[in-house]
Amino acid sequence: MYLYFCCSAILWVELLQISNVSIYYPFKKLVKKSFSFDTLNFFSPSPLKGRDLWVLVLGRFPTQHTIGIPEFKYIANMHGDETVGRELLLHLIDFLVTNDKSDPVVTRLINSTRIHIMPSMNPDGFEATTTHDCYYSEGRFNKNGEDLNRNFPDVFNSNNVTIQPETQAVINWIQNETFVLSANLHGGALIASYTFDNGNPATGSLQGYSRSRDDDVFIHLAKTYSSNHASMYKGNECGNKPVFPYGITNGYAWYQLQGGMQDYNYIWGQCFEITLELSCCKYPPASQLQDFWNDNKAALIEYIKQVHLGVKGQVLDRHGQPIPNVIVEAKGREHICPYRTNQHGEYYLLLLPGSYVLNATAPGSGSILKTLLVPNGPENFSALKYDFVFSEISTLAGDASCPTKPLYQDFESISAAVKPTLHFLALMTVLYTVFK
């Protein structure tokens, strides 16, 4: 279910589904501070009952995707009792809309990026959190008692969960957009965690670390946030938590989980997502919120800029028409669900600066290889642009579908998994004891 509200030339409100009065009015109040607020249209492909999930979209062309403009998203409050991220994203919206055209970084970000912000993925859980606690509460779960960060299809195991309405809404959203980069905001620790959360020997799980083919990029993304945060980079700010060098960790090396959202984004959504734990206390006093904003503001902005890493472009035929569903990947970084062009023939590949061989493969028409020297895109708010042109297309690809359960044991082993370290082994021992 989608409900759109137009607010300005740069801001757009989407209602994803499932009526959340408590968050609707703060949104409306925030937007009306500077802009008009009028209903434009209503679209309901699959009616669902329950609370709605609200998304604000910011960009120079916020109402629809623009070719060459990457899509970015922040999601918070997936666990209803972890509240800091929800408030930070409302602060971020206010900061972006009020500083456009006056702050040069914000203005360039708005010009070059379409930014989606969902302050609460679990409004029912938030409403159910009646006791404000630094640790665990029932508000973690949705109204059906399910943990939404264990509710996505898993790439390693058939977890056979009942997909919840909130989860399905986010899955549909991911599949309907061309998201490139994302972060999921949590609480209860102070750390940036990255893919994979689950694993097996093919990804190095026997060494206590589950490595993706893009591990270097994920480490960079996590360090970008932690190093721009006021104290996350120290790695030891929560006294009852393990020490994390640079304030980052591989998800599996911290603790293993099935059905996580960041792994789903990477495999099925062609979107790199990390998990940001932003407060030692899950539900801190309201008096601390300004301090949290001050600690996170620079990191939130700098992380969005990373959507411009790497290479972007289109795959076209000799008449200049876009070709969808063409596989475009960097050699040595092939994915078990190959990354394909969207309906506009676009591709986006997050890559660190360096030399790469890109391979574009169109069905029945062979491949085109191109060696590219990739600069540091975030410096100029733009990835390197390169278009592939096929002189002959024998067969247009149909809708590309990835298997719903692509299991990593059927994929070529990733041999570069890290070796065990005392840090990881000690950490896994502690966590096994805690979570068993």
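Tutor: A disulfide joins Cys238 to Cys280, with an S to S distance of 1.9 Å. The model is predicted: local features need pLDDT of at least 70, side-chain atom pairs count only at pLDDT 80 or more, and totals for chains, interfaces and linings use all residues. Residues are numbered from 1 along each chain as its sequence is written, and side-chain values use heavy atoms, with hydrogens and water left out.

Student: Why is the link of Cys238 and Cys280 called a disulfide?

Tutor: The term denotes a pair of cysteine sulfur atoms within 2.5 Å. The S to S distance of Cys238 and Cys280 is 1.9 Å, so the pair meets the criterion. The torsion about this S-S bond is -90 degrees, and the link is left-handed.

Student: Which parts of the chain does this pair link?

Tutor: Cys238 lies in the loop between α6 (215–228) and β9 (248–250), and Cys280 in the loop between β10 and α9, 42 residues apart. Helices (H or I, at least four residues) and strands (E, at least two) are DSSP runs, numbered from the N terminus.

Student: What makes Cys238 buried and Cys280 partly exposed?

Tutor: Buried means under 20% relative accessible area, exposed over 50%, and partly exposed in between (1.4 Å probe, protein chains only). Cys238 has 5% and is therefore buried, whereas Cys280 has 33% and is therefore partly exposed.

Student: How many disulfides does a search of the whole structure find?

Tutor: The search finds two disulfides. Cys134 is joined to Cys281, S to S 2.0 Å. This disulfide is left-handed because the torsion about its S-S bond is about -90 degrees.

Student: Why is the ring pair of Phe152 and Tyr264 called tilted?

Tutor: Rings of Phe, Tyr and Trp (its six-membered ring) pair if their centres lie within 6.5 Å; planes under 30 degrees apart count as stacked, over 60 as edge-to-face and the rest as tilted. The centres of Phe152 and Tyr264 are 5.4 Å apart and their planes are at 45 degrees, so the pair is tilted.

Student: How do you know that Tyr264 and Trp268 are stacked?

Tutor: Their rings are 5.3 Å apart, centre to centre, with 25 degrees between the planes. That angle is under 30 degrees, so the pair counts as stacked. Both residues lie in helix α8, four residues apart, about one turn of the helix.
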